[in-house]
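Subject: Structure handover and findings

Hello,

Here is the structure for your files. My notes on what turned up follow below it.

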Amino acid sequence: MSERLHTAGTTMLERARALRPLIEREADTAEAQGKLTTPVVDALHEAGLFGIWVPVPLGGAELSPRELLAVFAELSYADPSTGWVLMATTLENGTAGAYLGDDAVERIFNGPRMPVFAGQGTRPGTAVRENGGFRLSGQWSFASGMYHAQYVHSLATIEGTDDVRIFITPIEDAKMLGNWDVLGLRATGSIDYAIEGAFVPESRTHVFTENRPLRGGAIYRLGVLDQALICHSGWAIGVGRRLLDELSRHAVARAGRAGQIAGSDAFHADFARAEATFRAAKALVHETWADAERALDSGTVLDVRQETMVRLALNHATSTLADVARFVYASGGTSALRDGVIQRLFRDVHAGTQHITSSPQVLQECGRELAGLAPDQSWVLFALES
């Protein structure tokens with residue numbers, strides 16, 4: 001295990017960028033069918049993008065936090081659902097590769113393609129200890145990318161204890177329940193699923209708060225939750241940039257026509273404010289993760305203030321994205337109202353901003369810590385506790 005972050009350069013970002021035309025062409029079809037299209041999934045595999053979070057010893061790229069931010073932003077710019085699926089599945093296969101036992105890893109990471117994981121890590125099922133493992137049961141929601149997965153990543157509490165673990169099961173052990181009739185992010189296929197009494201060997205589980213990787217470098221010292229903050233921050237950056245670019249294209253296409261926003265001084269000022277606010281939110285994300293990377297490279301874990309800031313940076317980026325989406329939608333007139341890119345982006349934003357990682361409670365807790373009102377407390381998931 002390396003004490004330092006692994007960095008892979010710009011190769012994966014360049015591969016993600018090269019897929020933009022394909023992803024954009026397939027976005028409407030993906031939304032209509034409620035999952036990514038086969039050409040997009042195959043292209044993501046062929047580009048090696050499902051391996052961006054997997055430890056290097058397992059054949060992955062093991063990108064650093066800011067490299068991951070860039071890739072997620074690029075794919076989310078092309079299509080928010082594609083970026084969302086890639087960030088969720090790669091988080092889960094990356095942490096599995098870092099934290100699962102050797103026997104599990106040898107069996108799972110042995111194919112010609114990187115395995116795809118999907119599931120839910122915030123609302124627990126129940127596991128009963130049995131010889132050599134556990135019996136897992138429960139029902140979970142929001143399993144983004146489940147239709148493309150070979151393995152399921154599920155949170156559960158071990159019966160009779162306070163032990164909360166992640167359990168990895170073959171896709172065949174999960175019953176797909178659907179229930180993804182939603183406003184936006186329709187192509188993520190974030191369905192409900194159930195598992196009834198599946199046996200899970202001990203090596204296919206890890207403690208939810210694990211931050212001592214068995215393989216791979218310093219990024220895995222963040223633990224699952226803090227790594228998830230990278231996902232949603234990159235997604236917000238990519239979608240926000242696309243919204244502003246789409247509005248710019250809309251305005252330019254109508255320049256010279258009477259009564260259009262291109263000739264409005266008020267619109268010019270509002271666009272400048274939106275651009276500045278978005279860029280400031282993006283800068284905070286990058287500044288915060290640069291500081292986190294320095295801590296990881298020094299061989300430590302994040303301190304309480306750094307934990308606060310990675311949460312605050314995501315919360316601020318998400319709320320800024322929602323403001324940008326409202327501004328773009330209102331400025332787009334009937335072009336935004338009708339079916340098209342701006343309408344889809346608007347809907348996707350207002351699905352993505354509902355995620356628990358950007359909840360009002362997190363913002364309140366960040367403020368409490370920053371104001372010096374949480375002495376001797378530490379972050380436990382989304383709250384500060386003694």
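Is Gln377 buried or exposed? Gln377 is buried, at a relative accessible area of 16%. Buried means under 20% relative accessible area, exposed means over 50%, and partly exposed lies in between, with a 1.4 Å probe and protein chains only. Gln377 sits in the loop between helix H12 (360-370) and strand E8 (378-380). Helices (H or I, at least four residues) and strands (E, at least two) are DSSP runs, numbered from the N terminus. Beyond residues up to four places away in sequence, Gln377 touches Val304, Arg368, Leu384, Glu385 and Ser386. Contact here means heavy atoms within 4.5 Å.

Before the rest, the ground rules. This is a predicted model, where local features need pLDDT of at least 70, side-chain atom pairs count only at pLDDT 80 or more, and totals for chains, interfaces and linings use all residues. Residues are numbered from 1 along each chain as its sequence is written, and side-chain values use heavy atoms, with hydrogens and water left out.

Helix packing around H7

Helix H7 (residues 223-253) packs against helix H11 (residues 341-352) at an angle of about 150°, with the axes 10 Å apart. Axes are lines fitted to C-alpha atoms, for helices over the stretch in contact, and angles run from 0 to 180 degrees between N-to-C directions. That angle makes H7 roughly antiparallel to H11. The classes are: under 35 degrees roughly parallel, over 145 roughly antiparallel, 65 to 115 roughly perpendicular, and the rest oblique. The crossing of H7 and H11 is left-handed. A crossing is left-handed if the near helix is turned anticlockwise from the far one by less than a right angle, and right-handed if clockwise.

On the H7 side, the contact residues are Trp235, Val239, Arg242, Leu243 and Glu246. They meet Val341, Ile342, Leu345, Asp348, Val349 and Gly352 in H11. The residues of this contact divide into 7 nonpolar, 1 polar and 3 charged. Ala, Val, Leu, Ile, Met, Phe, Trp, Tyr, Cys and Pro count as nonpolar; Asp, Glu, Lys and Arg count as charged; the others, Gly among them, count as polar.

H7 also packs with helix H5 (residues 80-99), at about 160° and with axes 10 Å apart. That makes H5 roughly antiparallel to H7. The H5 and H7 crossing is right-handed. From H5 come Pro80, Gly83, Trp84, Met87, Leu91, Thr95 and Tyr99. They meet Gly223, Val224, Gln227, Ala228, Cys231, His232, Trp235 and Val239 in H7. This contact has 10 nonpolar residues, 5 polar and no charged.

The core

The largest nonpolar core has 122 residues. Such a core is a set of buried Ala, Val, Leu, Ile, Met, Phe, Trp, Tyr and Cys residues joined through side-chain atoms within 4.5 Å. Leu44, Leu49, Ile52, Trp53, Val71, Leu243 and Trp289 have the most contacts inside it. H7 gives the largest share of this core, 14 residues. In soluble globular proteins, nonpolar side chains tend to be buried together.

Positive phi

Glu62 is not a glycine, yet its phi is positive, about 45°. Glu62 lies in the loop between helix H3 (38-46) and helix H4 (65-78). At 4% relative accessibility, Glu62 is buried. Leu381 also has a positive phi, near 60°. Leu381 is in the loop between E8 and strand E9 (383-385). Leu381 is partly exposed, at 36%.

Leu296 lies in helix H8. Leu296 is buried at 0% relative accessibility. Its C-alpha is 7.0 Å from that of Ile219, 77 residues apart along the chain. Ala295 is in H8 (residues 265-297). Ala295 is buried at 8%. Leaving aside neighbours within four places in sequence, Ala295 is in contact with Arg221, Thr300, Leu302 and Gln306.

Glu307 is in helix H9 (residues 304-331). Glu307 is buried, with a relative accessible area of 17%. Not counting residues up to four places away in sequence, Glu307 touches Asp226, Leu302 and Trp379.

Best wishes
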